[in-house]
Amino acid sequence: MDELHYQDLLTIGRRIQSREVSSKEVTRKLLKRITHIDQSLHSYFIVMEESALMEAQTADEEIARGEFRGPLHGVPIAVKDLLWTKDVVVTNGMPFNPFIPKENATVVERLHTAGAVLLGKLIQTEGALFDHHVQVTPPINPWNKQLWSGASSSGSGVATAAGLCYGSIGTDTGGSIRFPSAINGITGIKPTWGRVSRYGAVELAASMDSIGPMTRNVADAAAMLQAIAGRDPKDPTSSTLPVPDYLALMTRGVRNMRIGIDTRWALDQIDNPTRIALTKALNHFTELGAEIVNIRMPDTNQVAHDWNPMCAIEAVVAHEKTFPSMRMQHGSGLAELLDLGHRVHALDYQKLRLNRANLRGNINGIFESVDVIFSPVIAIAELTCETMKILGQGDDMSRYTSVFNLTGHPSITLPCGRTELGTPVAFQIVAPHFDEMTMIQAGWAYQQVTHWHRLNPQI
């Protein structure tokens, strides 16, 4: 059982389903690790020990009867605080406004249907924006306590990297699956908007919010996405398109895959450690038989600037019951965003909508000549907590992420290196709408010839 906590989700799943180890045994071990380790990492908002052990017992009994639910059966996972969990408190990172839902979010319900064991709820930033509420202790990056832990799915990134769950669920409105995946050295998928139901997920900006898996490798993320994706009658915006069998199809390789890169945009505007790591990653794709194609990206600095008022307007709708009536209890970052939303004029909003439509069309046009787009996630590798206090959520911070929330395209974040100080470095692969399969395929091929996803913090 040594180092059991760092085994892959699919590996521990096979061991549980073959009855080599029991789900209850594995769950107890992770609960014990959470008790010891999370006192210093602060990734969990609430640990659901009693229900987790009951779910693990049920999984063991079902497996013993030959009732197999799939690769997640009996595997302990965790979810972000903003997802509804029946009879368990939800705060959305806003401790002044807790509530107890009477049903599960669709994503949570589908994880239960897949037989996963829910260990608990993970800490996030206030309202899923950028800063943690003053009453919330921010999660600590397990690689280095001085490093930023990401926003807003910070608890999901830390818990997954630290071996406190085998996979987690995060959400992404401007980069909040990708940032914590990158800085914590794990793999994260932001699906196409509409691929995963948003029912039972507290909104930040409804037309940009995406729910996706965060794991320690591509195959594990594919398995979790398989479990949660698909049409949901409770969410009319969810897609009716069929969900591919990601695990069955992901091993097809990248030979002749056209990977688009705008070197001026992707490599010239990032720091040297990130540039070195991303260049090596591109070389791996070339060696695997992919074709690197030059493309021209639109002005993402302007895009990142547009994201703020677009998000603000939608956030005002999401928070109308508590803002401005409870303004003094909100943190300054979320309050300022909501104030901005109230100030945007209808004329300016229509211009933003037109800009967004043009952006979406321009990115779709790029996919006429390439299969996927290669991009950084963050321009600066050594992002400390102190650096983030200075940078905040500026345009420079989100220029590689917010663009794909505005367009709705899917993305996978993959670890690709370490700096001299040991900070994880990552890149993202972006695919056409609802073509998660191709980016998973690219990510899986990359992880067959690299080892970065196999590194774990020594805690």
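The model is predicted, so local features are given where pLDDT is at least 70 and side-chain atom pairs count only at pLDDT 80 or more, while totals for chains, interfaces and linings use all residues. Residues are numbered from 1 along each chain as its sequence is written, and side-chain values use heavy atoms, with hydrogens and water left out.

**The sheet**

- Helices (H or I, at least four residues) and strands (E, at least two) are DSSP runs, numbered from the N terminus.
- Strand β2 (residues 76-80) runs parallel to strand β4 (residues 168-172) and is joined to it by 2 bridges, and Val79 stands opposite Ile169 in β4.

**Helices on the sheet and on each other**

- Helix α7 (residues 218-228) packs against helix α17 (residues 436-448) at an angle of about 155°, with their axes 9 Å apart.
- That makes α7 roughly antiparallel to α17, a term for angles over 145 degrees.
- In this pairing, Val218, Ala219, Ala222 and Leu225 of α7 meet Glu436, Ile440, Gly443, Trp444 and Gln447 of α17, contact being defined as heavy atoms within 4.5 Å.

**The nonpolar core**

- A nonpolar core is a set of buried Ala, Val, Leu, Ile, Met, Phe, Trp, Tyr and Cys residues joined through side-chain atoms within 4.5 Å, and buried means under 20% relative accessible area, with exposed over 50% and partly exposed in between (1.4 Å probe, protein chains only).
- The largest nonpolar core has 136 residues, of which Leu83, Leu111, Phe285, Phe374 and Phe427 touch the most other members.
- Helix α7 gives the largest share of this core, 8 residues.
- Leaving aside neighbours within four places in sequence, Phe427 is in contact with residues including Phe285, Phe374 and Tyr446.

**A loop residue**

- Asp371 is placed in the loop between α13 (346-366) and β9, and counts as partly exposed because its relative accessibility is 23%.
- Not counting residues up to four places away in sequence, Asp371 touches Asn256, Met257, Arg258, Ala431, Pro432 and Thr438.

Notes. Axes are lines fitted to C-alpha atoms, for helices over the stretch in contact, and angles run from 0 to 180 degrees between N-to-C directions. Angles under 35 degrees count as roughly parallel, over 145 as roughly antiparallel, 65 to 115 as roughly perpendicular and the rest as oblique. Two strands pair if DSSP finds at least two bridges between them.
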